Amino acid sequence: MKLAGKVALVTGAARGIGRGIAEVFAEEGADVAVNDAGNMGQAEEVAAAIRARGRRSIAVKADVGKRSEVEPMFERVWEELGPVDVLVNNAGIETIVPFLELTDEQWTELVDVNLRGAWLCSQVFCRRTVAGHRTGSVVNIGSIQAAKVLPGRTHYAPTKLGLEALTRNMSAEVTPHGIRVNCIHPGLIDTPMTAWVMQNPDLLPGVLAQISLGRAGEPREIGTVAAFLASDEASYLTGQSFFVDGGWQGK
Ligand code: NAP
């Protein structure tokens, strides 16, 4: 078990990739705090399933883009599960809006969650970890769109390439304190976010034809890579971003 004895906080973990990461982490021995912003019924279900496996787990509500919610979230997790060893910045939203039509509000809402949220959660986590003279690991969830143009994503894609820069720059500052920081760029993963593609027979074959493995990934296939990056097996890895995309970006 790669994460035995560790406490992890996974943001946006009520469903999709976050849920897959939380489940794999629990299987690898971690106690897991399951964060979400609104979908707390499902977050509670994920936490209950993890407890049923014999691990400790709580569901914690917070909008990752708001410091007034993020700081109390970490306080509660530290109190109830103990000091956090691993933070996974997974929470994210995607909208599709042509560049010429994008509004200030649409830009701000998305950037606040996808980029500011990861920065904010990381800062609160790292401040606590450094103050406690502890070590830790951060895994950011970016996107293949850090390297690939898809239409209507002039707000989304920069947040994901931004996470790559955040990963590198944070690593330079916090790795000397014992906190490794890495990033996963998923390709097409079968989640509620991508249901509009996965369930569209006119669209899906064209997308799958661009992927070397010829299929979408499962959330757990991001979870297993995240578990490796968060574990001591990746002890010499920091500041790096990895495409986990079935061979889409390179094709
Ligand atoms: P998803 O199915 O939409 O799940 C995202 C989860 O994040 C939801 O439970 C959502 O909860 C939560 N969330 C949204 N805003 C939040 C906030 N401000 N604070 C806390 N939680 C929040 O999406 P997914 O496909 O699993 O994607 C997860 C991450 O992977 C995202 O960062 C996404 O950009 C990235 N990604 C996904 C794919 C893919 O193919 N699926 C590919 C590349 C990258 P609510 O319902 O409460 O909003």
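Leaving aside its neighbours within four places in sequence, which residues is Glu-28 in contact with?

Reply: With those neighbours set aside, Glu-28 is in contact (heavy atoms within 4.5 Å) with Met-1, Lys-2, Leu-3, Ala-4 and Ala-227. This is a predicted model, in which local features need pLDDT of at least 70 and side-chain atom pairs count only at pLDDT 80 or more, whereas totals for chains, interfaces and linings use all residues. Residues are numbered from 1 along each chain as its sequence is written, and side-chain values use heavy atoms, with hydrogens and water left out.

Glu-28 is found in the loop that links helix H1 (16-27) to strand S2 (31-36), where helices (H or I, at least four residues) and strands (E, at least two) are DSSP runs numbered from the N terminus. With a relative accessible area of 19%, Glu-28 is buried; buried means under 20% relative accessible area, exposed over 50%, and partly exposed in between, with a 1.4 Å probe and protein chains only.

In one of them, Arg-56 pairs with Asp-31, the closest N and O atoms being 3.0 Å apart. Since Arg-56 lies in the loop between helix H2 (40-52) and strand S3 (57-61) while Asp-31 lies in strand S2, the pair ties together parts that are 25 residues apart in sequence. Asp-31 is buried at 11% relative accessible area, whereas Arg-56, at 38%, counts as partly exposed.

Two further salt bridges lie within helices. In helix H3 (residues 67-81), Glu-71 and Arg-67 are four residues apart, about one turn of the helix, and their closest N and O atoms are 3.1 Å apart; Glu-71 is partly exposed at 37%, and Arg-67 is partly exposed at 26%. In helix H5, Arg-168 forms a salt bridge with Glu-164, with 3.6 Å between the closest N and O atoms, and these two residues are also four residues apart, about one turn of the helix. Arg-168 is partly exposed at 46%, whereas Glu-164 is buried at 19%. Salt bridges that share partners also join Glu-27, Arg-53 and Arg-220 into one network.

Helix H5 (residues 156-174), together with strands S5 and S6, makes a right-handed β-α-β unit; right-handed here means that, with the strands pointing away from the viewer, the path from the first strand over the helix to the second runs clockwise. S5 (residues 136-141) and S6 pair in the parallel sense over six bridges, pairing requiring that DSSP finds at least two bridges between two strands, and Ile-141 has Ile-184 in S6 as its bridge partner. S6 is also joined to strand S7 (residues 241-244) by four bridges, again in parallel, with Pro-186 standing opposite Val-244 in S7.

Because eight of the eight residues of S6 (residues 179-186) are buried, this strand is largely enclosed by the rest of the structure. In a regular strand the side chains alternate between the two faces of the sheet. In S6, Ile-179, Val-181, Cys-183 and His-185 point one way and Arg-180, Asn-182, Ile-184 and Pro-186 the other way, and all are buried.

Note on methods:
Salt bridge = Lys/Arg side-chain N within 4 Å of Asp/Glu carboxyl O.
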